[in-house]
Amino acid sequence: FVFAWKISEASLTMAGLNFKGWDEKMGAGQWGRYENVRFVTMLMSDSARLVVSHWNIGTARFLRRYVYERVTPKGRKPGFVQLFIT
């Protein structure tokens with residue numbers, strides 16, 4: 001999985017589609033819009049939460065935006081019921 005994700009990320013960067021924007025302090029370009037795995041950070045993680053947050057980033061972003069935020073009532077935090085729905 002990691003090899004395929006990194007190859008696709010490299011191809012998006014070469015095409016210029018992976019551009020995030022400009023860094024306000026340094027003025028340099030930021031890349032990583034379609035980043036899907038932070039491999040070294042994931043391997044060096046010391047908790048399961050960090051492994052999950054650095055693996056399959058695109059799917060986690062999709063679930064957070066389109067599932068958890070729509071299922072959770074306004075002003076409340078997601079809990080077991082929202083997790084069970086997904």
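Let me start with a term: a residue is buried under 20% relative accessible area, exposed over 50%, and partly exposed in between, using a 1.4 Å probe and protein chains only. Hi everyone! What you see above is a predicted model, where local features need pLDDT of at least 70, side-chain atom pairs count only at pLDDT 80 or more, and totals for chains, interfaces and linings use all residues. Residues are numbered from 1 along each chain as its sequence is written, and side-chain values use heavy atoms, with hydrogens and water left out.

On to the aromatic rings. Rings of Phe, Tyr and Trp (its six-membered ring) pair if their centres lie within 6.5 Å; planes under 30 degrees apart are stacked, over 60 edge-to-face, and the rest tilted. Searching the whole structure gives 4 aromatic pairs. One of them joins F19 and W31, edge-to-face, at 5.1 Å centre to centre with 70° between the planes. This pair links distant parts of the chain, 12 residues apart: F19 sits in strand β1 (residues 19-22) and W31 in strand β2 (residues 29-31). Strands here are DSSP runs of E, at least two residues, and helices are runs of H or I, at least four, numbered from the N terminus.

How exposed is F19? It is partly exposed, at 23% relative accessible area, and W31 is partly exposed too, at 47%. Ring pairs also bring W22 into a cluster with F19 and W31.

Now look at helix α4 (residues 57-71), where F62 and Y66 lie 4 residues apart, about one turn of the helix. Their rings form a tilted pair, 5.3 Å centre to centre and 45° between the planes. F62 is partly exposed at 46%, as is Y66 at 39%.
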